[in-house]
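What does the model shown here say about its helix packing, a buried residue and its strand pairing? The paragraphs below take these topics in turn.

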Amino acid sequence: MRFRPCIDIHNGQVKQIVGGSLCDEGDRADENFVSQKDGDFFAELYKSYGLKGGHIILLNPASSEYYDADVRQAQLALAAYPGGLQIGGGINADNAQWFIDMGASHVIATSFVFRDGEINYDNLKALEKAVGREHLVLDLSCRKRDGEYYIVTDRWQKFTNVKVEEATLDRLSEYCDEYLVHAVDVEGKASGIETHVADMLGRWGKLPMTYAGGVASFDDLEQLRSLGRNRIDVTIGSALDIFGGHMAFQEIIRFMEG
């Protein structure tokens with residue numbers, strides 16, 4: 001299990017938000033933390049510790065007045081750590097290579113691939129062709145409905161009909177290099193992990209995967225390591241001290257090395 005750091009950008013600022021509160025109308029979200037520092041500060045920090053494969057997420061839609069400001073923050077981060085970070089948010093077949101050229105190691109896609117509630121294989125194949133499977137991460141962010149976990153799109157606001165289950169992971173694995181899975185119901189709440197999601201990902205374990213959502217303690221990390229059979233990497237957001245939380249960044253790095 002590796003620590004994959006994050007840089008979440010909303011309204012042109014590095015933030016930590018409550019995932020389920022994100023709303024495109026009015027560019028609103030419940031905020032846990034708003035940084036006074038730009039994206040390059042965090043990228044340089046991650047680079048100094050040799051932390052690779054973290055992700056930048058642009059949380060405004062491309063139609064937002066803030067999207068260009070989000071991209072400027074991302075450009076600062078990618079310039080500070082070329083090849084060290086992935087990027088998601090508004091990714092499509094037309095702009096994916098642009099972000100790779102900007103310095104991203106991978107692009108992360110959700111809404112372009114999952115359209116009208118289903119997997120759009122034409123879009124998926126176009127994206128794979130644009131950057132190559134080796135540069136593509138599929139974000140299978142999910143929320144629980146009727147006892148099952150379904151992929152959600154459009155900044156976690158729309159349910160699809162696609163379940164996060166082993167059959168889905170198998171089906172999509174030929175097109176991508178990694179999976180990123182936000183457990184949206186606990187994202188930004190520092191209230192503990194979604195154990196069912198972690199267990200299912202750990203059982204599958206055929207591609208690199210990063211879990212995000214709810215980590216609030218080292219006990220949570222131990223549980224994730226156990227349920228994930230040491231196959232799942234982890235992102236920590238609102239609980240991290242560099243984002244105003246109580247878990248020390250350097251202690252997390254030591255934990256991962258232990």
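**Helix packing, a buried residue and strand pairing**

Helix α1 (residues 39-48) and helix α2 (residues 67-80) have axes that come within 7 Å and cross at roughly 25°. That makes α1 roughly parallel to α2, where angles under 35 degrees count as roughly parallel, over 145 as roughly antiparallel, 65 to 115 as roughly perpendicular and the rest as oblique. Axes here are lines fitted to C-alpha atoms, for helices over the stretch in contact, and angles run from 0 to 180 degrees between N-to-C directions. Helices (H or I, at least four residues) and strands (E, at least two) are DSSP runs, numbered from the N terminus.

This is a predicted model, in which local features need pLDDT of at least 70 and side-chain atom pairs count only at pLDDT 80 or more, while totals for chains, interfaces and linings use all residues. Residues are numbered from 1 along each chain as its sequence is written, and side-chain values use heavy atoms, with hydrogens and water left out.

On the α1 side, G39, D40, A43, E44 and K47 meet Q73, L76, A77 and A80 of α2, contact being heavy atoms within 4.5 Å. By class, the contact of α1 with α2 has four nonpolar, two polar and three charged residues; Ala, Val, Leu, Ile, Met, Phe, Trp, Tyr, Cys and Pro count as nonpolar, Asp, Glu, Lys and Arg as charged, and the others, Gly among them, as polar.

F249 belongs to helix α8 (residues 249-257). Because its relative accessibility is 4%, F249 counts as buried (under 20% relative accessible area; exposed is over 50% and partly exposed in between, with a 1.4 Å probe and protein chains only). Leaving aside residues up to four places away in sequence, F249 touches F3, L45, Y46, Y49, L51, L240, D241 and I242. The C-alpha atoms of F249 and P5 are separated by 9.8 Å, although the two are 244 residues apart along the chain.

Turning to strands, β10, β11 and β12 form an open sheet in the order β10-β11-β12, with antiparallel pairing. β10 (142-145) and β12 (158-163) stand at the edges, each with a single partner strand, so one side of each has no neighbour in the sheet. Strand β11 (residues 148-153) pairs with β12 over three bridges; two strands pair if DSSP finds at least two bridges between them. V152 has F159 in β12 as its bridge partner.

Strand β4 (residues 54-58) pairs with β5 in the parallel sense over four bridges, and G54 is bridged to L85 in β5. Both faces of β5 (residues 85-88) are covered: L85 and I87 on one side, and Q86 and G88 on the other, are all buried.
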